[in-house]
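Subject: the structure for you to look at

Hi,

Here is the structure I said I would pass on. Have a look at it first, and then read my notes below.

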Amino acid sequence: MMAVHEDFMRLALDQARRAEAAGEVPIGAVVVLDGQVIGRGFNRPISEVDPTAHAEIVALREAARAVGNYRLVGADLYVTLEPCLMCVGALVLARVRTVVFGAREPKTGALVSTTEPLEIPTLNHRFEVVEGVLEDECRDVVQAFFRTRRSTVPGGPPV
């Protein structure tokens with residue numbers, strides 16, 4: 001199963017690189033249903049002037065359109081960085097089966113790093129969480145982006 005997770009995470013990393021090329025924080029995501037990618041997304045809050053345009057949300061929107069339903073029962077989301085609380089909420093609402101992420105996000109990660117919302121007893125849906133898939137590569141993409149940004153744009157614009 002890990003080989004399958006790695007294959008789909010590589011596709012999420014491709015999306016992260018698209019975000020980086022667009023000047024966005026390099027986070028990418030793909031939604032998979034029955035072994036097929038049905039949604040892709042990369043961070044776009046800056047270019048879309050939309051604080052909700054995180055990679056996960058963009059991928060969920062595309063997947064929902066592809067199946068004609070906002071509920072993505074049986075779908076798995078692969079994302080390069082641990083989702084934030086907003087994205088976890090959307091993943092619950094979408095009824096995804098599994099979230100596979102690469103690297104933890106110690107400041108805003110909301111599955112294991114800063115909070116554990118799936119432990120809320122009244123939550124009406126929970127999903128499986130798999131972490132650490134291609135962790136080093138996923139972490140390196142984000143860290144390299146910020147290292148470059150800090151060295152080229154002193155006090156650069158917020159991202």
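Leu 77 is a residue of strand E3, and keep in mind throughout that this is a predicted model. Its relative accessible area is 0%, so Leu 77 counts as buried. Leaving out residues up to four places away in sequence, Leu 77 touches Ala 29, Val 30, Val 31, Glu 56, Leu 60, Leu 91, Thr 98, Val 99 and Val 100.

Is Asp 76 buried or exposed? Buried, because its relative accessible area of 9% falls under the 20% cut-off. Its side chain has a polar partner: a contact of 2.7 Å joins Asp 76 to the side chain of Arg 97. Arg 97 also turns up among the residues that Asp 76 touches, along with Val 30, Val 31, Val 32 and Thr 98, again not counting residues up to four places away in sequence.

Now the aromatics. How many aromatic pairs does a search of the whole structure find? It finds 2. One is Phe 8 with Tyr 78, a tilted pair at 5.3 Å centre to centre with 40° between the planes. This pair links distant parts of the chain, as Phe 8 sits in helix H1 (residues 2-21) and Tyr 78 in strand E3, 70 residues apart. Both Phe 8 and Tyr 78 are buried.

Phe 145 and Phe 146 make an edge-to-face pair, 5.1 Å centre to centre and 80° between the planes. Phe 145 has 7% relative accessibility, so Phe 145 is classed as buried. Phe 146 comes out at 26%, and therefore as partly exposed.

One more ring to look at is that of Phe 42: the charged end of Arg 44 sits over this ring, 4.2 Å from its centre.

Next, helix H4, residues 85-94. Which residues of H4 are buried? They are Cys 87, Val 88, Ala 90, Leu 91, Val 92 and Ala 94. The cover over the buried residues of H4 includes helix H3 (55-67), strand E3 and strand E4 (98-103). Between Gly 89 and Ala 110 the C-alpha to C-alpha distance is 9.7 Å, and they are 21 residues apart in sequence.

What follows H4 is worth a look if you care about backbone angles. Arg 95 comes after the helix and has a positive phi, near 65°. As background, most residues other than glycine have a negative phi. Asp 34 is another case, with phi near 55°. Asp 34 lies in the loop between strand E1 (28-33) and strand E2 (36-42), and its relative accessibility of 70% means it counts as exposed. Leu 134 is not a glycine either, and its phi is positive at about 50°. The loop that holds Leu 134 lies between strand E5 (128-131) and helix H5. Leu 134 has 17% relative accessibility, so Leu 134 counts as buried.

The largest pocket holds about 660 Å³ of space. Its lining is made of 24 residues, and those nearest its centre are Val 25, Ile 27, Leu 81, Glu 105 and Thr 108. Two or more lining residues come from each of helix H2 (45-48) and helix H5 (135-152). Which element gives the most to the lining of the largest pocket? That is H5, with 5 residues.

Cheers

Note on methods:
Residues are numbered from 1 along each chain as its sequence is written. Side-chain values use heavy atoms; hydrogens and water are left out. Buried means under 20% relative accessible area, exposed over 50%, partly exposed in between (1.4 Å probe, protein chains only). A polar contact is a pair of N or O atoms within 3.5 Å; within protein, one must be able to donate a hydrogen and the other to accept it, and residues adjacent in sequence count only if both atoms are side-chain atoms. Contact means heavy atoms within 4.5 Å. Rings of Phe, Tyr and Trp (its six-membered ring) pair if their centres lie within 6.5 Å; planes under 30 degrees apart count as stacked, over 60 as edge-to-face and the rest as tilted. Helices (H or I, at least four residues) and strands (E, at least two) are DSSP runs, numbered from the N terminus. A charge sits over a ring if NZ of Lys or CZ of Arg is within 6 Å of the ring centre and within 35 degrees of the ring normal. On a 1 Å grid over the protein atoms alone, a cavity is a set of points where a 1.4 Å probe fits but cannot get out, and a pocket is an open set with protein on both sides within 12 Å along at least five of seven lines; lining residues have an atom within 4 Å of a point. Grid points are joined across faces, edges and corners, and a volume is the space filled by probe spheres set on the points.
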